[in-house]
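Here are a few notes to read alongside the model.

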Amino acid sequence: MTAEAGESRSDRDMRWSALMAAAQNGDARAYDRLLRECLPLLRSICRARLRDATDTEDAVQDALLTLHRVRATYDPARPFTPWISAIAERRALDRGRARGRRTGREIDIEHAGPIIDPSTPPAERGLERAELRAALRDLPASQAKALQLAKIEELSLAEASARSGLSVGALKVATHRALATLRKRLGAR
Amino acid sequence: MKTEDMIAQLTEHLAPVRRLPSPATLTLLWLGIALLVVVSAVAVMGLRPDLDARMAAGLDLRQMATAGLTGVLAALAAFQLSFPDRDRRWALLPLPALVLWLGNLGWGCLQDFAAHGPDGVRLTTSFPCLAFVLGFGLPLSLAMAWLARHAAPIRPGPVAVLGGLAAACITNIGLTLTHHLDAAAMVLAWHGLAMLVTTGAAGLLGPKVMRIAV
């Protein structure tokens, strides 16, 4: 079962179907070959829905994880391509929705202004940093910790939760409140 | 992580999996469980005393047949949709039977109104209907969510809602056999409300069950 140049779509589908059936029986080599051969298809489906290259690759990885979790749902008597395509479509849609929700809250880093304006005289820059430090110092301990883990060290919520002992919900609330406090204190000018 | 590295990780410790039964087989399995529960409930509560006369009148028989058909088709649609490659239009499968169920009861309301005037369609409360359908239907909906737990990363919402509708419809047959409701308007209102509540609750809770079970 090797990939053949110029093979028809139906031949390719039958070959993939056989590889998936072998993978369901525990054949790791067949599974590896199948997933690697399917990557271009997964990427093209995700790219059609998501223009951003990073989002596309994230959606491809999501699709691979989903495919792995639901691999028992594939019926070798049915075509393989619609099965894997449906999974990729679903994950690309989810990524697209998540991107849509984020877009309103984010500024593209290319277009964002510097955090501290370089044209600001050095003495004032020092003053701004000192103000930021003071504001951070005045935050309640749980909020400062949440901000440190989630925004400065950029840990995932699960990792930050494991590190801090706070629940994911408590972390979200603490981070949100910390940012609101800082915004109020520094951002009003 | 690079995608190629992820593939290596996924394949490294690949365990064999048992292929899932077909949607039709899963439907039959769930219907077997549902019928067992409903028959047990009817056995405990007893048939309504005037059942023969009610069946002869036709309305209840048609009501049970259309509810049962809706339930079977909703269950099949739910299991079809739980597989990634099935067309989402499967969700429409139970709609014609549901329209027949509503139409039959609507026609019954008109007949009651013609025979008894406004008294024939007067509504009173009947909370036991709600309790019966919700009490037996919701666990059956969650049993379906468990059987269709592989749908968790694909389309858990539609599968759970259809599961709720299927469970409510099958439970509705048991309710018709045991509970004393004569007026079509009462059946439409209380059985309909019970089916709506059960379907809604299943739609909320079913995806959670799938995520926990998968």
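1. Buried residues account for 27% of the 189 residues in chain A; buried here stands for 20 or more other C-beta atoms, placed from the backbone, within 10 Å of a residue's own. Please keep in mind that this is a predicted model, in which local features need pLDDT of at least 70, side-chain atom pairs count only at pLDDT 80 or more, and totals for chains, interfaces and linings use all residues. Residues are numbered from 1 along each chain as its sequence is written, with chains lettered from A and ligands numbered from 1 in the order in which they are written.

2. Chain A has 8 helices and 0 strands (DSSP runs, numbered from the N terminus: H or I of at least four residues for helices, E of at least two for strands).

3. Of the contacts in chain A between residues at least 6 apart in sequence, 57% link residues at least 24 apart. A contact needs C-beta atoms, placed from the backbone, within 7 Å.

4. Where do the two chains touch? Chain A gives 28 residues to the contact and chain B gives 18 residues. On the side of chain A that touches chain B, helices H1 (9–24), H2 (28–49), H3 (53–69) and H4 (81–103) of chain A each give two or more residues. H3(A) supplies the largest share, 7 residues.

5. That side of chain A divides into 13 nonpolar, 7 polar and 8 charged residues. Nonpolar covers Ala, Val, Leu, Ile, Met, Phe, Trp, Tyr, Cys and Pro, charged covers Asp, Glu, Lys and Arg, and the others, Gly among them, are polar.

Technical notes
A residue is buried if 20 or more other C-beta atoms lie within 10 Å of its own, exposed if 12 or fewer, and partly exposed in between; C-beta atoms are placed from the backbone. Two residues are in contact if their C-beta atoms, placed from the backbone, lie within 7 Å.
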